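Student: Could you walk me through the aromatic residues in this model? I'd like to go one pair at a time.
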Amino acid sequence: MTIMEVSSLKKSYGKLDVLKQITFDVNKNDVIAVIGPSGSGKSTMLRSLVHLEEIDGGTISVSGNFLVRDGVYTKPQEIKQITAKMGMVFQHFNLFPHLTVKENLELAPKMVKKESSAEIKQRSTELLEKIGLTDWAEAYPGKLSGGQKQRVAIARALMMNPDILLFDEPTSALDPELTGEVLQVMKDLAQEHMTMIVVTHEMGFAKEVANKVIFMDNGEIVESGAPEELFTNPQFERTKAFLNRSLK
Amino acid sequence: MGDPVFIFGGFPMSLDYLISILKPMLEGAQMTVLLFLIAIVASIPLGFLLTLAVKSSFKPLSWLAQGYIYLMRGTPLLLQLLFICFGLPMIPVIGEYLVLDRFVAACLGFILNYAAYFAEIFRGGLLAIDKGQYEASKVLGLNKWQTMTRIILPQMFRIALPAVTNESVTLVKDTALLYAVAVPELLHFAQTAVNRDFTIVPFVVAGVIYLIMTIFLTVIFKWLEKRLKFE
């Protein structure tokens with residue numbers, strides 16, 4: 001079942017086209033890895049899906065509702081409703097430093113969702129247990145390691161019960177020995193059939209966990225497909241060159 | 001006057017003498033503290049509003065606020081005080097309605113001046129906040145008001161705190177400018193005693209009183225900083 005359709009996305013900064021004719025679909029339970037060299041437009045593409053970037057042309061629809069149709073955005077109220085179906089995990093975590101781990105998780109549901117605080121509390125307790133940080137509930141983010149911070153950021157996004165979770169290079173700011181714990185949480189989510197779009201440099205993760213890989217270069221999708229095809233039998237020279245560089 | 005205890009500053013010191021000069025000086029210090037409290041309570045919110053005005057996307061408002069800050073920071077506080085106390089009444093036609101009580105005029109001057117400094121301090125605090133904080137708030141569905149009050153401002157005040165401390169200490173000492181517009185405060189009574197008794201003891205006492213006030217203030221702010229450390 002398709003839950004997100006993206007077609008002909010275009011964006012430019014002045015004369016520089018950062019996104020050209022980006023088209024892809026997201027099915028329910030998909031785990032899509034978006035790979036490609038730095039500056040290829042991966043992050044911009046991902047950010048445009050949650051309206052952190054405005055696009056200049058193209059269409060994005062989520063569960064049949066148009067966020068933007070042929071370059072025209074819907075009303076602000078609807079934009080909010082549509083983007084609320086998506087959660088986002090940032091490269092630099094963007095946790096709120098003045099709130100404890102627990103408060104980071106509970107603030108948005110309390111402010112935005114009309115739920116009882118008992119429900120919210122229960123969910124935050126469950127999620128903290130899931131990411132293995134129950135003992136850190138009352139700590140401030142400043143006390144956590146990078147890997148712990150990113151796990152909290154994932155839990156914070158999950159608190160809003162998103163249909164799709166977007167990851168913007170979630171392990172790129174981490175020390176190599178800390179990437180594992182974050183990738184493990186993401187693998188667990190994939191196993192629970194969370195729909196995810198992951199911009200990543202972790203080829204291992206893309207191979208193992210994703211069911212679809214999108215290779216972007218220079219603002220366009222060069223090719224996409226199942227990881228076993230794309231990694232073992234890339235069709236284009238650009239893909240081959242990138243994979244050769246990335247896989248040593 | 002009791003028995004001299006020791007000689008200091010050319011004057012035979014005694015406890016009685018100290019007490020006799022301390023009384024009016026502490027009364028003066030009350031004026032100092034009152035001015036300080038009024039100025040700080042009013043200029044911090046006003047400064048914050050100025051920061052918002054500077055950041056406003058409505059350009060004329062932003063320019064007006066920037067011009068105001070430039071004016072207030074670019075001219076001496078003493079000149080501003082003299083202008084409000086003695087200058088305003090000299091304006092033709094409306095001047096006669098602008099004769100203010102000296103203390104009220106001084107409060108006004110301090111508030112208007114310090115608001116400009118606090119505005120710049122808060123602006124610095126806002127600039128120091130990563131744009132990722134706004135993005136995370138947006139993606140989590142917080143509206144602009146919630147983002148401002150729950151995420152941005154608490155961090156801004158925390159970042160601005162050391163600079164606010166510094167500015168507040170300066171304010172305590174600047175209250176001595178009341179002397180120039182003839183409002184009787186701490187320094188005024190010290191000066192009176194110095195002239196009358198031909199001794200520098202009252203100046204030393206005044207210095208000690210200022211020190212006690214600033215130490216008190218520093219301790220409060222340090223405590224606040226510690227409490228807001230987020231650790």
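Tutor: Let me begin with B:F118, which has 0% relative accessibility and so counts as buried (under 20% relative accessible area is buried, over 50% exposed, and in between partly exposed, with a 1.4 Å probe and protein chains only). This is a predicted model, in which local features need pLDDT of at least 70 and side-chain atom pairs count only at pLDDT 80 or more, while totals for chains, interfaces and linings use all residues. Residues are numbered from 1 along each chain as its sequence is written, chains are lettered from A and ligands numbered from 1 in the order in which they are written, and side-chain values use heavy atoms, with hydrogens and water left out.

Student: Which aromatic cluster is B:F118 in?
Tutor: B:F48, B:F110, B:Y114, B:Y117, B:F118, B:F122 and B:F157 form one aromatic cluster, where rings of Phe, Tyr and Trp (its six-membered ring) pair if their centres lie within 6.5 Å, and planes under 30 degrees apart count as stacked, over 60 as edge-to-face and the rest as tilted.

Student: How many aromatic pairs over all chains?
Tutor: The count is nine aromatic pairs over all chains. In one of them, B:F48 and B:F157 have ring centres 5.8 Å apart and planes at 45°, so the pair is tilted.

Student: And are those two buried or exposed?
Tutor: B:F48 counts as buried at 15% relative accessibility, whereas B:F157, at 34%, counts as partly exposed.

Student: Switching to chain A, what lies over the face of A:F96?
Tutor: That is A:R156, at 4.6 Å from the ring centre.

Definitions and conventions. A charge sits over a ring if NZ of Lys or CZ of Arg is within 6 Å of the ring centre and within 35 degrees of the ring normal.
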